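User: I am new to this structure. Please show me how to read its features, one at a time.

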Amino acid sequence: AATKANGGGRSGSIVAPLVVNEEFQKIDVNPPKGTRDFPPEDMRLRNWLFNHFKEVSRLFGYEEVDFPVLETEALFIRKAGEEIRDQLYCFEDRGNRRVALRPELTPSLARLVIQKGKSVSLPLKWFAVGQCWRYERMTRGRRREHYQWNMDIIGVPEVTAEAELISSIVTFFKRIGITASDVGFKVSSRKVLQELLKKYGVPEDLFGRVCIIIDKIEKIPIDEIKKELGFTGISEDAVEQLLQVLSVKSLDDLEDILGGAGEAIADLKQLFSLAEKFGYSEWIQFDASVVRGLAYYTGIVFEGFDRKGKLRAICGGGRYDRLLSTYGGDDIPACGFGFGDAVIVELLKEKDLLPELGQEVENIVCALDKDLQGAAATVATTLRDKGQTVDLVLESKPLKWVFKRAARVNARRLVLVGKTEWEDGSVSVKVLSSGEQFQVKLNDLE
Ligand SMILES: OCc1cccc(Br)n1
């Protein structure tokens with residue numbers, strides 16, 4: 001009953017009374033399954049990571065946006081058999097509306113662009129860092145939430161847009177010490193698949209579904225892939241040829257198969273040429289098997305991978321020219337990427353690149369007796385008004401305790417408020433690294 005009442009997983013329409021915590025019953029102090037707390041040490045790493053995400057986005061001239069973590073379920077209902085759909089964290093709210101915790105940010109971004117309509121001038125370059133959710137059976141013990149960095153360009157049909165997006169991710173990697181020998185990007189275009197399916201007479205409306213099946217190529221046995229492709233109605237012969245083409249590892253070989261007239265080859269050639277100009281050629285490689293697992297991609301797709309092959313994809317993205325029109329918006333071209341906060345941390349650990357991020361505070365301020373607590377508050381405020389960080393000791397404590405706390409909060413200096421000095425407006429300062437000690441007028445303290 002408790003599970004049902006809380007809508008855990010199944011979207012029962014029965015809305016039983018919310019489970020309340022009986023008085024004095026010990027609560028479960030852990031966060032819900034698959035979710036994380038961020039205590040200070042983890043929050044420092046998260047802020048370090050997100051600050052790099054946001055600084056790179058601003059370096060590229062993008063504007064920050066955000067959306068509700070809760071959306072209508074309909075925004076994410078696509079019939080292409082995506083994993084993201086099977087794991088949608090959806091439920092019926094107390095107003096009997098079908099809602100979902102967003103599994104990704106792109107649909108919300110598309111919704112906002114349509115909502116803004118003619119009031120925004122294209123191209124739009126937007127970025128967001130937001131928590132995304134999935135409801136996965138905990139059998140695999142995987143997380144149910146992660147934070148994703150997204151950058152999107154709305155209104156640019158040319159491949160220069162995708163080329164710039166990859167450049168922004170390369171810039172991010174370089175800022176945190178990741179090099180082209182650690183990470184690469186597999187790049188392809190869904191137009192390869194589109195041209196092949198057309199050649200084999202496969203109906204256009206199967207395109208998304210076929211892409212989702214192909215995306216599983218390294219995750220499930222090849223016979224399963226062939227079987228699932230067969231179910232879509234593609235002939236066995238066409239399936240064999242399709243898989244053959246997807247194993248191609250060079251643009252020249254692909255051109256021999258597709259001919260040089262198609263958009264797929266033209267787009268990819270332009271992208272590799274632009275990569276040269278952006279200076280990240282060593283980071284990217286053509287790989288026809290990359291299709292990505294989201295149904296709405298229509299053109300160039302790319303994914304960041306660790307060259308040791310030990311981790312899941314680090315990030316991924318591509319062109320999604322039809323998404324806005326599928327939501328009833330105008331036919332506006334778009335492309336973007338998503339970059340999760342989990343795999344990158346695993347990679348940084350692997351490469352021993354995790355930053356040392358201890359707590360830091362410039363001053364710890366302490367009254368030497370309880371009648372001077374007010375004076376200590378004045379000292380703290382004076383320093384804070386000068387932009388100095390202050391940990392103010394808020395109760396009367398022995399000096400031994402204060403020194404221990406100063407070490408724990410990594411204070412640069414100790415500011416003591418004593419009776420005699422305070423009578424002439426001064427305080428005692430001890431620089432904790434050098435042991436240097438001096439008295440100074442409060443107003444002269446920098
Ligand atoms: O990468 C897919 C995904 C979506 C939402 C939450 C988590 Br954890 N992972």
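**Burial, cores and salt bridges**

Analyst: Trp133 counts as buried, because its relative accessibility is 15%. Buried means under 20% relative accessible area, exposed over 50%, and partly exposed in between (1.4 Å probe, protein chains only). This is a predicted model: local features need pLDDT of at least 70, side-chain atom pairs count only at pLDDT 80 or more, and totals for chains, interfaces and linings use all residues. Residues are numbered from 1 along each chain as its sequence is written, and side-chain values use heavy atoms, with hydrogens and water left out.

User: Where does Trp133 lie, and which residues does Trp133 touch?

Analyst: Trp133 lies in strand E5 (residues 124-133). Helices (H or I, at least four residues) and strands (E, at least two) are DSSP runs, numbered from the N terminus. Contact means heavy atoms within 4.5 Å. Not counting residues up to four places away in sequence, Trp133 touches Thr35, Val69, Tyr89, Leu101, Arg102, Pro103, Arg144 and Glu145.

User: How should I read a nonpolar core?

Analyst: In soluble globular proteins, nonpolar side chains tend to be buried together. A nonpolar core is a set of buried Ala, Val, Leu, Ile, Met, Phe, Trp, Tyr and Cys residues joined through side-chain atoms within 4.5 Å. Here the largest one has 79 residues, and Phe173, Phe185, Phe339 and Ile344 have the most contacts inside it. Helix H5 (residues 160-175) gives the largest share of this core, 8 residues. A second, separate core has 22 residues, including Val65 and Phe67.

User: Which residues of helix H9 are buried, and which are exposed?

Analyst: An α-helix has 3.6 residues a turn, so residues three or four places apart point the same way. In H9 (residues 236-246), Ala238, Val239, Leu242, Leu243, Val245 and Leu246 are buried. They fall within an arc of 160° seen down the helix axis, so they line one face of H9. That arc is taken from the directions from the helix axis to the C-beta atoms. Glu236, Asp237 and Gln244 are exposed on the other side. The buried residues of H9 pack against helices H6 (190-199), H7 (207-214), H8 (222-231) and H10 (251-258).

User: How many salt bridges are there?

Analyst: A salt bridge is a side-chain nitrogen of Lys or Arg within 4 Å of a carboxyl oxygen of Asp or Glu. By this rule there are 37. One joins Asp267 and Lys191, with the closest N and O atoms 2.8 Å apart. Asp267 is in helix H11 (residues 263-278) and Lys191 in helix H6, so the pair ties together parts 76 residues apart in sequence. Both Asp267 and Lys191 are buried.
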